[in-house]
Amino acid sequence: MSLDIIIGAQWGDEGKGRIVDLLSAKADYCARFSGGDNAGHTVTVQDTILKLHLIPSGIVHPLTKVILGNGMVINPSMLLKEIETLITGDIEISSERLFISLAAHLITPWHCQLDQFQEKSRGKDRIGTTGKGIGPAYMDKAARIGLRCGDILKPELFREKVIEHASRTNRVLESVYGCPLIDLSASVELFIQDSLKLTPYIKDTGFLLREAIHNGKYVLAEGAQGTLLDIDHGTYPFVTSSCTSAAGALSGLGINIQGVNRIIGVTKVFQTRVGAGPFPTELFEDKAIRLRGTGENPWDEFGTTTGRPRRVGWFDGVLLKYAVDINGLTELVLTKMDILTGLPKIQICTAYKVDENIYDTQPHGLDATQMDKYQPIYEELEGWQDDLRDIRRWEDLPRETKKYIEKFETIAGIPVSIISVGPERNQVIIR
Ligand code: IMP
C-alpha cells in the first residue's frame, strides 16, 4: 500500500508540477485534492510546454490515471479547455484515465463575478485573489448550497439547481455590490451544456482510490498552492479557501491515513509569494529583480495563472520548520537552485526578532496581524559562481552549494532528496 503526498512548503509556485511529473511516471494514480484553476503548473514534454490548471501533471504519462478529488472546486469551461489542449498535444483523455469526484464542487460564472466584486470591495485590505471564483465556490460548499459534480448526473434537477444558484448569486451581486446583472438565459444554458460534457468522467473517486491503495497500487497525491496559503494554517486572511496541507490530501480525496508513505515537501531555495499578506524576508528593487527575473524567460517569477510579478525574498527557514511540522514532511525537494548561481553571498533567515525576543520557530502561529513586526535574522552563506544546469550528481556540486543544501537539512531536520538545477525535465539531482 503506498500513498505519497506532494505538498508545497511555501506560498505556492514551488515547482511541484515538475516533481509530480517526475514521480508520477511510476504512479498508477495521480490525484489532486484541493483548489481549482487558481493553481497553475507548467510541464515540459520534449519541446512542448503545457500549462495545466486543474488536471494533475501525471496526465502526461500514458499509463498514469488522474483524479480530480472531492476537495476541489472545478470550473467546467476551464476544464474542457484544458482537456482540449491536452488532446491537441496528443495526450489521451478518456473516461478510463480521467476521473472527477462526484463530491467535487463546481465553480460557476457567478462565483467568478462575485470573487472579483468581493475583492474590489475589500479596498486596501484586498487579498489579491486570482479572481477565479475559488472563495465564493467554497463559501457555497460550506453553506451547503453548492453545486456538486454528482448533480450533473441528474440533468433535470441540475438545471433547476443552476437556475436557483444563478438567480440567488445575481441578487447578491446586485444588492450588495451594485453589479450589473449577468443575463441568465444565455449563461445558464452555456454553463449547463459545459457541465454535461463532463458526465463520462464523474465517478466515486474516493472508493476508486481506497481500492487502489488497498490493492497495492501507487498513488501520488498532488498538492496545489502551498502550506502557507492553507485556510486554517496559513497567513489568514491572506490565504486561499482550501486545505492545502498534507491533511487535506486525505479529506480531499476521501482516503484514510493507513496508506501514507512519504510526505514530500517542495520548496524553492528562495521565497516567493503572489497576492497580499505578510512576507518577513521580502526584497525590493534591484535585489528583487535579481531573483524574480524580468519576465523574458518562462521560468522567471511571474504567475502562471495571472501573469502577475511574484514578490520575492531570501529563504525563510522559520517558515520551513513550520511547514515540516504542520505537514509531517518526510523529505524535501529543492527547486530553482540554478537561479542563485552568481550571487556572492546568500542570506537565509533562521530566526525572527519580535520586540526584544528571538524566535527560531513561529511565535504566534501564522497570525498575519502579528507577522508584520517580525524582523528576520539572517545567516550569511558563501555563494557560488559555477553553472549548475548540467550537473546531475551530488558529488559534482560546488562545495558552497552543498553547504547551502545542508543548511536546509539542518533547519528542517529531514533529508533533501531531489534538487532541481534547471527548467528541463532531466535537470535534477537525485540523491
Ligand atoms: P484565491 O485562491 O484565488 O482565492 O487567492 C487567494 C490567495 O492565494 C491570493 O494571494 C493568491 O495569489 C494566492 N494563490 C492562489 N492560488 C495560488 C497558486 O497556485 N500559487 C500561488 N498563489 C496562489
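Predicted model: local features only at pLDDT ≥ 70, side-chain atom pairs only at ≥ 80, totals over all residues.

Residues are numbered from 1 along each chain as its sequence is written, and side-chain values use heavy atoms, with hydrogens and water left out.

**The whole chain**

The chain has 12 helices and 21 strands; these are DSSP runs numbered from the N terminus, helices being H or I with at least four residues and strands E with at least two. Its radius of gyration is 22 Å, close to the 22 Å that the globule rule gives for 431 residues, so the chain is as compact as a globular protein of that length. For that comparison, the radius is taken over C-alpha atoms and the rule is 2.2 Å times the number of residues to the power 0.38. Along the principal axes, the C-alpha atoms fill a box of roughly 65 × 50 × 40 Å.

Of the 431 residues, 58% count as buried (under 20% relative accessible area, with exposed over 50% and partly exposed in between, using a 1.4 Å probe and protein chains only). Among contacts in the chain with a separation of 6 or more, 76% come from residues 24 or more positions apart; contact here means heavy atoms within 4.5 Å.

**The sheet**

Strands of a sheet pair through backbone hydrogen bonds, either parallel or antiparallel. Here, an open sheet of 10 strands runs β9-β7-β5-β2-β10-β1-β11-β15-β20-β21, with mixed pairing. β9 (202-203) and β21 (428-430) stand at the edges with a single partner strand each, so one side of each is left without a neighbour in the sheet. Two strands count as paired if DSSP finds at least two bridges between them.

| Strands | Bridges | Sense | Opposite residues |
|---|---|---|---|
| β1 and β11 | 5 bridges | parallel | Gly8 and Val266 |
| β7 and β9 | 2 bridges | parallel | Ile100 and Ile202 |

Over in β1 (residues 2-8) sits Ser2, which is buried with a relative accessible area of 17%. Beyond its neighbours within four places in sequence, Ser2 is in contact with residues including Ile213, Tyr218 and Asn261. Ser2 and Gln258 are 256 residues apart in sequence, yet 8.9 Å apart in space, C-alpha to C-alpha.
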